[in-house]
Amino acid sequence: MERTKDIYNQVIAFYMDFFAAHLNVLDELVEARKKDGAPYLRKRTNQELLTFAEFHTLATKAHPNPGWPLDEHVPSAKGMPTELRRAAINQAIGKVRSWWSHLKTWKETTPDQRGREPRPGAPNEPVTFYAGMVEHPAYDLTPQKKKRHTFISLKLHTGQKWEKVSLPVVVHAQAEALLARSALEKERIARERKRSKTAQAGSGEEKGDRTWVAKSLTVYGKRDKRYPGGVRYALHIPMEKSVDKPRKAEEQRRANPQMPVVAVDLGANRLAVMGAFVEGRLAATRFVDGRALNHRRHRLLTVIYRKRKQSGRLRPGVQDNANLWNKIRNLDENAANQTAVAIVRFAREHGARVIVFEHLRRYRPPKEKMSKSGRKNHKRAYWLRGKIMEWVRDLAFREGILTVERNPAYTSQVCPHCKVLGERKGSRFTCKNPNHRYSADADFVGMMNLYRKWTKTFVYPRRGDDPKPEVA
């Protein structure tokens with residue numbers, strides 16, 4: 001596997017050099033035609049670039065002497081599977097296109113604002129195997145309950161040539177069921193394609209039967225002393241699912257102002273405060289507490305800064321306390337994932353098609369005095385809100401739910417009932433209206449006002465104005 005990965009990355013590097021020497025091909029416009037036959041100009045597609053690269057690097061009967069022979073530059077690539085070579089070419093196309101785009105932007109900026117010149121860099125990519133390259137030997141397709149593994153067959157480089165190698169793969173029950181459904185879904189898509197050549201994959205009459213479809217798998221290697229060679233390999237199989245494209249959130253609001261909506265206020269001590277509004281009224285709420293996470297993160301940061309103080313000045317480019325930093329990152333990522341799943345599940349339970357968040361602004365450090373670990377903890381708690389929104393945006397779209405953002409100004413400072421500017425102390429909000437005694441959690445008030453901003457009934461106060469009960 002390591003030898004195959006080295007050859008794979010050598011081929012990527014070769015094709016990166018090839019496209020870097022033919023940058024005009026990336027920007028060259030070719031003539032194409034629309035469905036109605038009208039001509040237009042466009043850049044070359046990835047498939048056209050792949051054909052161009054193979055024509056100039058591979059020897060064939062029609063073209064025996066290519067200008068950039070792959071076999072001479074990478075001798076071990078001789079006999080390489082076609083799909084694996086094309087996966088490497090596609091990786092090289094993506095890397096060179098990204099580098100070329102960043103380089104053009106860098107050249108257009110003024111010299112005083114320029115940073116370091118972008119460079120392509122050496123590739124270090126995991127091996128990507130397309131679906132046609134993976135075979136399942138018939139003797140072990142249905143693993144027994146006591147023996148949780150099956151076998152797959154891949155074409156790898158054994159040191160002298162490319163040969164098929166059978167590899168044992170651990171298959172958990174959940175993954176096994178998911179892959180079995182994926183196989184049935186692929187068969188259904190193939191039947192629909194035969195039935196109608198114009199139908200897209202995954203579309204048809206049986207929309208309720210849509211499920212996840214397995215795509216090209218990727219092989220990752222991770223250091224682990226418990227395995228032979230000190231490396232543990234894992235197969236990462238991306239899954240794809242066809243969903244109906246939802247209408248824009250504003251169009252849905254205009255069509256049905258009383259539609260079910262979930263408003264979410266993200267914070268530090270409370271990771272999320274959710275409220276489900278059905279027909280304009282608050283139907284349910286849910287709080288996700290984050291104090292235990294903040295406490296645990298703060299303790300780990302305190303240990304890091306104490307160790308830094310003991311070790312003195314750090315050498316540049318050397319990662320300190322790597323295990324502790326990894327633990328903190330894993331804590332934040334796990335909390336963001338679990339909170340996002342809870343938000344999407346809450347929205348699905350109440351039939352919401354839109355989730356409303358507040359638009360996150362740049363981090364501003366607190367004014368009060370704090371220790372280094374406390375200040376860093378405060379910053380990471382703020383960053384966690386962005387991670388939660390990223391997870392929610394991805395998970396919600398799979399369910400056909402859109403996420404929107406609203407201006408966060410005054411969301412936790414204005415009374416959601418009388419619309420008078422109140423006072424917030426810590427996590428508590430108190431309304432200043434003498435004729436309306438109201439006190440509630442500030443995050444709950446922010447969630448209520450986010451819904452008001454969604455319905456466009458929120459009134460922005462002016463600083464310094466006294467509350468006017470008769471107007472309210």
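Predicted model: local features only at pLDDT ≥ 70, side-chain atom pairs only at ≥ 80, totals over all residues.

User: In what order do the strands of the open sheet of three strands lie, and with what pairing?

Analyst: Strands of a sheet pair through backbone hydrogen bonds, either parallel or antiparallel. Here the order is 3-7-8, and the pairing is antiparallel. Strand 3 (127-129) and strand 8 (231-236) are the edge strands, each pairing on one side only. On average, neighbouring strands are turned by 25° against each other, direction ignored.

User: How many bridges join strand 3 to strand 7?

Analyst: Three bridges join strand 3 to strand 7, which spans residues 217-223. Thr 128 has Thr 218 in strand 7 as its bridge partner. Helix 1 (residues 2-20) lies across strand 3 and strand 8, and runs at about 95° to strand 3.

User: Which residues have the most contacts inside the largest nonpolar core?

Analyst: In soluble globular proteins, nonpolar side chains tend to be buried together. The largest core here has 44 residues, and those with the most contacts inside it include Tyr 8, Phe 19 and Phe 129. Helix 5 gives the most to this core, with 11 residues. Phe 19 touches, among others, Leu 26, Leu 49 and Ile 89.

User: Is Arg 119 buried or exposed?

Analyst: Exposure is judged by relative accessibility, with a cut-off of over 50% for exposed. Arg 119 counts as exposed because its relative accessibility is 66%. Arg 119 is placed in the loop between helix 5 (82-108) and strand 3.

Terms used:
Residues numbered from 1 in each chain as written. Heavy atoms only, no water. Pairing = 2+ DSSP bridges. Helix = DSSP H or I, 4+ residues; strand = E, 2+ residues; numbered from the N terminus. Axes fitted to C-alpha atoms, helices over the stretch in contact; angles between N-to-C directions. Contact = heavy atoms within 4.5 Å. Buried < 20%, exposed > 50% of the residue type's maximum accessible area, 1.4 Å probe, protein only. Core = buried A, V, L, I, M, F, W, Y, C linked by side-chain atoms within 4.5 Å. Lists of a residue's contacts leave out its neighbours within four places in sequence.
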